[in-house]
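Let's walk through this one together, starting with the overall picture and then zooming in on a few spots.

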Amino acid sequence: MSEGEMARLMEEVEEKKKLIATIRNKPWRMKRRLVLLREAQQFVDKFEGALGKGKGRKWYAYKVMMTKKWIKFQRDFENFRTACIPWERKIKEVESHFGSSVASYFIFLRWMYGMNLVLFGLTFGLVVMPEVLMGLPYGSIPRKTVPRAEQDTAQDYSVLMDFNGYCKYSVLFYGYYNNQRTIGLLKFRLPLAYLMVGLGTFGYSLMLVIRTMAKNADVGGGDGDEGEFTFAWKMFTSWDYLIGNAETADNKYASITTSFKESIVDEQENQKDENIHLRRFLRVLANFLITCSLGGSGYLIYFVVKRSQEFANRDDLSWYEKNELELIMSLLGLVCPPLFETIAELEDYHPRIALKWQLGRIFALFLGNLYTFLFALFDEVNTKLEEEGSIKNASIWAMKEYYANFSLPVNDSDATPPPMDPGDVILGPCWETAVGIEFVKLTVSDIQVTYLTILIGDFARAVIVRFLNYCWCWDLEAGFPSYGEFDISGNVLGLVFNQGMIWMGAFYAPGLVGINVLRLLSSMYYQCWAVMATNVPHERVFKASKSNNFYMGLLLLVLFLSLLPVVYTIMSLPPSFDCGPFSGKEKMFDVIMETIDLDLPAFMGTLFSYAANPGLIIPAVLLMVLAIYYLNSTSEAYQNANMELKKKMQMARDEEKNRRNNTDSTNQVMKDLEDLLPNRSLAPPALPEPAEKPKEPEGKPTKTRGGAAGKGVDLQKDVSLASSNPNAREPVTRAPGARGRGQPPGGRGRGGPPPR
C-alpha cells in the first residue's frame, strides 16, 4: 500500500471515528443512525489495524485492540457501579412522579444509611466483637449477671420491652463491658478502643458531612437558576430518544410533566404582586404563634421529665406512666409540624423558601425538646451519682459480711472462701446504662410512632378515600379528607434528630447503631411503598435545590450539639464504680493518660503534655479562626468575580442578539428596495449580435454611456435583479424609451419618462 493510500485511509478512519463519537448529536432518524453507526464501526475494525508500517503493524493493531477493550471495560464498570447504587430505580421512580423535592428526602435517607453502616462496622468490629469473643462470659462477674431479685421477671415481655432484664445486662449497653486493661490472647485494649470508637464516631461523621457539603457545593450551587428560555429548553430537549422500555418511558413522561410544573411555580412566584404591609404583618403574627408553641412544648417536656423522676420511686405504675416521656415527645413531634405548616400559610412564601422555614422551626422544636430532655436527664444522673457512695459502702459491707459468715462455721482462718455469687452482689445504679436505656427507648418509640402514622394516617386514609368516594355525600378526593401529601419537612427533621439521638446515645449503648441501621433499611422500603401507594404529588410542585446542603447544614449543627453532652460526660463526670470499661477511674479520659504512661516512650508523654498546654492551644485556635476568615474572604471574592463574569457574558449575549436583529432588519430593507425594481417582463431581451462580431468573454461587465440610458445606470444589472413574469405570453421586442438625466430606475408609471 502506497503512502498516499495510507494517508487517505487514515483520514477516512479518523472521519469514521468522529462520526461514531458525534452520531448522537446528528438530527437523523434512528434507523439511519443505526445503519451508519454499524457501517462506521465495521470500517474502523477492518482498516484501523492496517495503518501500521512494516514490523510495527502488529504492535499497532495490538494497541488498538487493547485500547478498545479498556474503553469497553471502563464503560461496563461505570454501568456496573451505577447498577450497584442502592435503591436507584426506586428513587428515580419517586422523582418522576413526585418531583425532585420528595426524591431529595430519599437520597438523604440513603446517604444516612451508608454513614450508619460504617459506624456500625466500627462499633461492632472494635467494641462488641472483642468483648464477645475475648471477654469474660455472661454470669462470670456481677456486671454481667442479672441480680437475683430480678431473675424471675428478667424474661417477661413487658420487662424486655422496657430494655431491662437480660437486655440491660447484655452487649447492647455500656455497663456490660469489663474494665480489664487488656483482654484475650491478643492483649486487646478494650477500654481504650471503647473511648476511641466513641470519639471516632463523631470525627468520621464530621469529616463525611463536611466532605459531602463541599462536593454538593461544587456540583449544585444556588437554588436551580436555569438561565433564559427555560420552557423552550424543556420543550425541545427533555425527551430521551434512546429509551426502549415502556415503564421507563412512562417515568420519563411523568418527570417532564413534573419539571414543567416546577418551572411554572417558579415563574408565578417571580411575577407575583402583593401588598407588602399586610404580608409583613401576617408573617410577624405567624412567627409569634410559632414561638409560643415552641415555648409550650419545651415546658411540657421539662414537666414530664420531672414527673418521671417522681415515678421512679414507685412500683405500682401503669403502662402510660412508665412510657409517658417517650409518648409525649413522639406526639409533640407528630402534632407540632402540621400545626406549624398551618400557621405558615399566613406567610405565603415560595414553596422552596417555605420548606426551609418549616425545617428551621421543626429543628428548633426538636432541639428544644432534646436539650430539655438532656438537662432533666442529667439532673437524674447527678442524683444517682450522689447515691453511689452509700451503695458502694453497702456493697463492700455485704462482701465483708459474707466472708465473715463463711469463716465462722469452718473455724479455719487460712481457708479460702469461695467467691460470692455474682447475682447476690449489690450493684450500683450505673447511670451510663440508665442514660443508654432512655435513648434506646426514645429511638424505638419514634420508630413505632412513625410507622403507625404512615399506616393509619396515610394508608387507611387512602383506602377510605378510594373505596368510599362512590357512596359518600361529597367528593372525598377533592374535599376532606382527600389523599395525603408527603411531609418533606417532618420526615427530614425526623431523620436528622433521630441521627442526633444515635450520636449521643451510641456512647452509652453501643447496640443503638445496629438498631438505627435496621430502622433506616426498613424505612427505605416502607416509605417508598407508602409514598407511591398512598400519597399524591404536592399541589404546588417545586424544584429542590441542586444540592442537599441545607439538609447537611442541619445535620452538621445537630452533630455539634450532640458532641457537647458526650464530651461533658468524658471530661467532667466520674464513671460508675462497678460497671463499664472505665470503672475504677476518676474520669473517663484517664484511660488515655494511662496508655501514654505505660505503653508509649517517655518523650511521647512529654510531647502530649506540651500539646495540652493552654499556651499552645489558644494560639492554635486563633490561627484557625484567622485561616477560616481568610478562606471565607477568598471565597466571597471568587463569588463576586463569578457574578461579574456572568454579567459580562450576559451583556455579550445581548450585544450579539442586538447585532443579529439589526442585521435582519437591514436585510429586510434591502429586500424592500429590490421589490421596487422593474419586473423582468418589461426588460428588453438581449439584442442579437452579428455573426462576424467576435464574442465577448463572459463575466465582462456591461459598460454604459451617458445619454439615452442615463448617466451611471447599469441597465444589465437592473434587469438581472428583476424576476421573470410567468404570465407573459410572448416576448417583448420593443426597447424602452430613453430616461431623463438623473431619473432613477423605475420612474413614474410603467412606461418611459414624459417627453421634454
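Predicted model: local features only at pLDDT ≥ 70, side-chain atom pairs only at ≥ 80, totals over all residues.

Residues are numbered from 1 along each chain as its sequence is written, and side-chain values use heavy atoms, with hydrogens and water left out.

Of its 756 residues, 34% count as buried, where buried means under 20% relative accessible area, exposed means over 50%, and partly exposed is in between (1.4 Å probe, protein chains only). As for contacts (heavy atoms within 4.5 Å), take those between residues at least 6 apart in sequence: 77% of them join residues at least 24 apart.

Now for the cysteines. With a disulfide taken as a pair of cysteine sulfur atoms within 2.5 Å, the count comes to 1. Cys 430 and Cys 579 form that bond, with an S to S distance of 2.0 Å. Its torsion about the S-S bond is about 100°, so the disulfide is right-handed. Cys 430 sits in the loop between helix H13 (351-410) and helix H14 (431-468), and Cys 579 in the loop between helix H17 (549-571) and helix H18 (590-599), so the bond ties together parts that are 149 residues apart in sequence. Both ends are tucked away: Cys 430 is buried at 8% relative accessibility, and Cys 579 is buried at 4%. Cys 430 also has a positive phi, near 50°, in a residue other than glycine.

What about Cys 471? Its sulfur is 9.2 Å from the closest cysteine sulfur, in Cys 473, which is too far for a bond. Cys 473, in turn, is in no disulfide.

Back in the loop between H17 and H18, have a look at Asp 578. This residue is buried yet has no salt bridge, and the nearest side chain of opposite charge, Arg 143, is 6.6 Å away. A salt bridge would need a side-chain nitrogen of Lys or Arg within 4 Å of a carboxyl oxygen of Asp or Glu; Lys and Arg count as positive, Asp and Glu as negative, and His and the chain ends are not counted. A polar atom of the Asp 578 side chain does lie 2.7 Å from the backbone nitrogen of Gly 428. Leaving aside neighbours within four places in sequence, Asp 578 is in contact with Arg 143, Ile 426, Leu 427, Gly 428 and Ser 583.

Two last stops. In helix H4 (residues 88-98), the buried residues are Ile 91, Val 94, Ser 96 and Phe 98, and just after H4, Gly 99 takes a positive phi of about 95°. Lys 187, in the loop between helix H6 (157-161) and helix H7 (190-219), has a positive phi near 55° and counts as exposed at 51% relative accessibility.

Terms used: Helix = DSSP H or I, 4+ residues; strand = E, 2+ residues; numbered from the N terminus. Polar contact = N/O pair within 3.5 Å; in protein donor to acceptor, adjacent residues only side chain to side chain.
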